[in-house]
Amino acid sequence: RMGARTALITFRRQDLGVMSCNPAFGGIGKGHLVREIDALDGLMGRAADYAGIQFRLLNRRKGPAVQGPRVQADRDLYHHYIQRHFQRAVGITVIEAEVVELVTQSAVVSGVTLSDGTSLRAQSVVLTTGTFLGGVIHIGNEAIVGGRLGSASSIKLSDQIRELATEVARLKTGTPPRIDKRSVDFAELATQPGDDRPEMMSFLSMSPVAPQVACAITATGPKTHDIIRENLGQSAMYGGKIESSGPRYCPSVEDKVVRFPERDSHQIFLEPEGLRRETIYPNGISMSLPVAVQESVVQSVRGLAAARLIQPGYAIEYDYVDPRSLTATLALKELPSVFLAGQINGTTGYEEAGAQGLVAGVNAAAVALGKQPMTIGRADGYIGVLVSDLIERGVSEPYRMFTSRAEYRLSLRADNADQRLTPLGVAAGCVQPVRWTSFQEKLAKLESARDLLDRTTIGAGLLQAEGLGLSDDGNKRSALELLGIPGCDIRLLQKIRPELGCISDEIADLIGKEAVYRPQLARQQAEIRRLKADEAVKVPADFDFSGLPGLSSELRQKLTTQRPHTIAEASRINGMTPAALLLLLSKVKSRASAQREQRQAHAS
């Protein structure tokens, strides 16, 4: 789109659009990333909507800032959408090959070498290796070289990157066994349908295309846990075959049983992998036990007594590069024409990988074309939070996006991703005319509606007559201001002032979400200024982090281990949240104040 001649090199063209792990996109934090990818005109949101067989808005009962759209996708439909795109795309040449080497001249990368000896020249290179870089699959005591089950691993490139990069280490992830749908007793299980009003992933999508389905819900039990405990020695991870760190927030079932011994069950979502597939993805029981043990584990679960495994679960270890060796454009500091994106940077998930791929791709094209780079700040989007966290803090385990990682999350909502990022994408040259036209039309409607709501005033008496508990101080309030009051929505205001009926439900919903946070946004900005002013505050060497109520056990552990000397150092700890930082700052200041008072009392 930006005008750069692009080669996409992959082992197999047919693998483009294959979902390696779970058949779903989005969720809390991750859904924000998909919306931001879409706002910058990435394909993920549109492909997910095309393939979506269940749509849900997570955290619906909470505020708009932490609501996350999620879609269950049909693997075949998603694959079809992506394949069709590459058949029609202009300026992209897909090459089936293995890249075995980066071509370097005087510490500058000028292309790549393929396994057949062919060299391709390029002004910039993007590496998106996923779990294929030095990938090793573990099932019990069996180790198989591969990037995913049935696919090869990239070994030669891994060896060269270890020579070129500042630091390369290993991480691991995992996947659950796949179950034959025909062997599941659904009569024993509860179901989880999608939302009545689907929240689409793309701003360009209007409604679902595919038929909608429900998921089933079950759980592990004491018998399941007993089987796992008895066979921990045969688990690849607990048997000593794997030493690298896995994702804390998506642990294997072995991890769950070991880390939470007090719990006698863990929920499992049985997710269909497609409308025409007989495969169920049991979300919640990733494992690396021997196949026979996996069968016993699965069959111990309610509704799965006769379950047949189509594919075993497994753990996979792979190489990643310390992301602190990257710039904000995701270029390697030592090799500025080489860009890294996805699991090679220590992240998890389709969403985090797609966000990085977009940043790296745009900036690789900018290098090739002599254009200005595109960077996204923490105040601009979750993509900015993701990149900032990676390059400043690094990772000790696979990084997963959460809304709690963003200090500006009240303004970084999923619903306004296009307002924040589409103009940035237009400036970079990656947004197509269809999206830009649609966005401008939407923006015009928003501005017109805001203006009308701001000019329309309503007295408290009229609102009280409609059952809204509002004190009558004699002053009229604008409809825009009233939308921020609990219990007041656009439909109530339209009943009182019919002239507001010209505002569509979509536009009214967006403005209503803005109104919810108007007072809090001002306080948030004040908190941010306070944090910046207090970054130099020293943390006492003997400070007891374990005694801080309100902090997660993860953060208490990290603070105790790393022992930051200042608030600024504490802010750079992986996983540190703005709320936790404010709590720490408050306790440090309270302790300092108490000690001053003690000294003064002693002196007097």
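**Entry 1: D41.** I began with the accessibility of D41 in this predicted model, and at 2% relative accessible area I put D41 down as buried, because the cut-off for that word is under 20%. The backbone was my next check: although D41 is not a glycine, its phi is positive, at about 75°.

**Entry 2: R563.** I turned next to R563, which is another residue other than glycine with a positive phi, here near 45°. R563 belongs to the loop between helix 17 (553–562) and helix 18 (567–571). What is the relative accessible area of R563? I wrote down 28%, and R563 is therefore partly exposed, since the value falls between the cut-offs of 20% and 50%.

**Entry 3: cysteines.** I searched the whole structure for disulfides, and the search came back with zero. For C215 I also looked up the nearest cysteine sulfur, which belongs to C21 and lies 15 Å away. A disulfide needs two cysteine sulfur atoms within 2.5 Å, so C215 is in no disulfide. I then recorded the exposure of both residues: C215 counts as buried, at 3% relative accessibility, whereas C21 is partly exposed, with a relative accessible area of 22%.

How values were computed:
Residues are numbered from 1 along each chain as its sequence is written. This is a predicted model: local features need pLDDT of at least 70, side-chain atom pairs count only at pLDDT 80 or more; totals for chains, interfaces and linings use all residues. Side-chain values use heavy atoms; hydrogens and water are left out. Buried means under 20% relative accessible area, exposed over 50%, partly exposed in between (1.4 Å probe, protein chains only). Helices (H or I, at least four residues) and strands (E, at least two) are DSSP runs, numbered from the N terminus.
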